[in-house]
Amino acid sequence: MSSNRLFGLSAAKDKLLKDLSSRRQGRDGGASGGRLADADVMVPMPRFEELPGYRQMKQQKVMADTLGIPNPFFRVHQGASGATALIGNREYINFSSYNYLDLAGHPHVAERTKAAVDQYGTSASASRVVSGEKTIHRELETAIAGIYEAEDCVVMVSGHATNVSVIGHMFGPKDLVLHDALIHNSAVQGAQLSGSRRIAFPHNDWEALEKILKAERRAHEKAVILLEGHYSMDGDLPDLARFVEVKNRWGAWLMVDEAHSLGVLGETGHGIFEAQGIAPGDIDIWMGTLSKTLSGCGGYICGSAALIEYLKFSAPGFVYSVGMSPPVAGAALGSLEMMKAEPWRVSQLNKQSARFRDGAAARGFDVGPSVGAAIVPIITGSSIKAARLAAELYERGINVQPILYPAVPEKSARLRFFLSCAHTDAQIDQTLEALTESWAAVQAAGNTVKELAARLGMVLGDDN
Ligand SMILES: Cc1ncc(COP(=O)(O)O)c(C=O)c1O
């Protein structure tokens, strides 16, 4: 995919770029403000408006406005979001939240959160290393370690930052970081920060991974393989046993990100190892987040006592960051307790996800490789179609987020449905019906892109 593509319209970018920059040529409103005489300025200060990423963003907005597609981002939800969401005082059937087990507004979780505030206040008020340590931190870490039968666990204040900090810290220029091509941005950022040799292998392809290890492993000191237990965009799984075999053969560590797997996979929601019958100790580094099933925010790492001790004394994102906010730890503990007490939530989530996935596939939608466990994409093959489809569904009372280029390649543009155990059969069936109607409307509006291109004098890409 060329970086020149905008909503799949190949020549659009140049034209819009010119339009936008000519509209913003004047420097009067800029941060530099023209306070110095020209002769005093050694290097002109760049303006934020000129940042290429900002310009691309504005171009996308111009394009969406021209096509009459409403902005689906930063919609304001007025309460807890689960199977439904209150937006603009209207209740929508909602498929855009990670609230897989419907615990983010659960009374027990709220109770645990409030009790934590009462006991500890709202902030840890310091890094844990230097006086921010609270009883509830170790309580939560012990509970999470228990899931993986691991020696220990450490929690950090952000899931994204956990990957960045841990991967960025543990590996260096002499090391090898191999990651699935579809791994989450946080792992890629961590790998980039590490300065290691970083190679992406084709999605879920353990044989391709083995070939890379064969060619590269001996030239490096440490090696790590990064996977997700349940891929966040496609809702599919790696064959974990195969990856364990490969990593054992080539002396590499295996790190598995369970962000969308905990609470979703396995009979009791313990994740991919439970679903695939793998001994959790076969994985060297378990990573996960508190922002999905655990109704809070933050990340965790589980593994050997030495690994956790090392991270607790040296990972910058832990040592130089405040300890997890006690109420967030309380929410996560409360959620773990609910997951254990009510395993029906996990089976219900899977049942409803399969109902949606199978229903959509039966209606001819492309659901990709989703296994039907909480994440189901509806691949539209074009960002414009994805944005339009989301807008049509929104009109019909259904809130689902489109995933557009550049978040995914243009041909993989999609709607991503997050299911919850609280979705009813009726809500799912109503959504399937609305999907069919909305898709027909999107197809009927099909020539708008061509009209737009003609108006702007653009040449369309093949996929339009
Ligand atoms: C696979 C994966 N890892 C890590 C993260 C980052 O976690 P958080 O959003 O809790 O910061 C996400 C976010 O959704 C994710 O999908």
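A quick word on what you're looking at. This is a predicted model, where local features need pLDDT of at least 70, side-chain atom pairs count only at pLDDT 80 or more, and totals for chains, interfaces and linings use all residues. Residues are numbered from 1 along each chain as its sequence is written, and side-chain values use heavy atoms, with hydrogens and water left out.

Now switch to cartoon view. You'll find 16 helices and 13 strands (DSSP runs numbered from the N terminus: helices are H or I, at least four residues; strands are E, at least two).

Next, select Gln60, Asn71, Pro72, Phe73 and Leu404. Of the 29 residues lining the largest pocket, these lie nearest its centre. (A pocket is an open set of points on a 1 Å grid over the protein atoms alone, where a 1.4 Å probe fits, with protein on both sides within 12 Å along at least five of seven lines; lining residues have an atom within 4 Å of a point.) Colour helix H2 (52-66) too: H2 gives the most to this lining, with eight residues.

Last stop: pick Ile183, His184, Asn185, Ser232 and Met233, the closest to the centre of the second largest pocket among its 33 lining residues. Here helix H5 (159-170) gives the most, with three residues.
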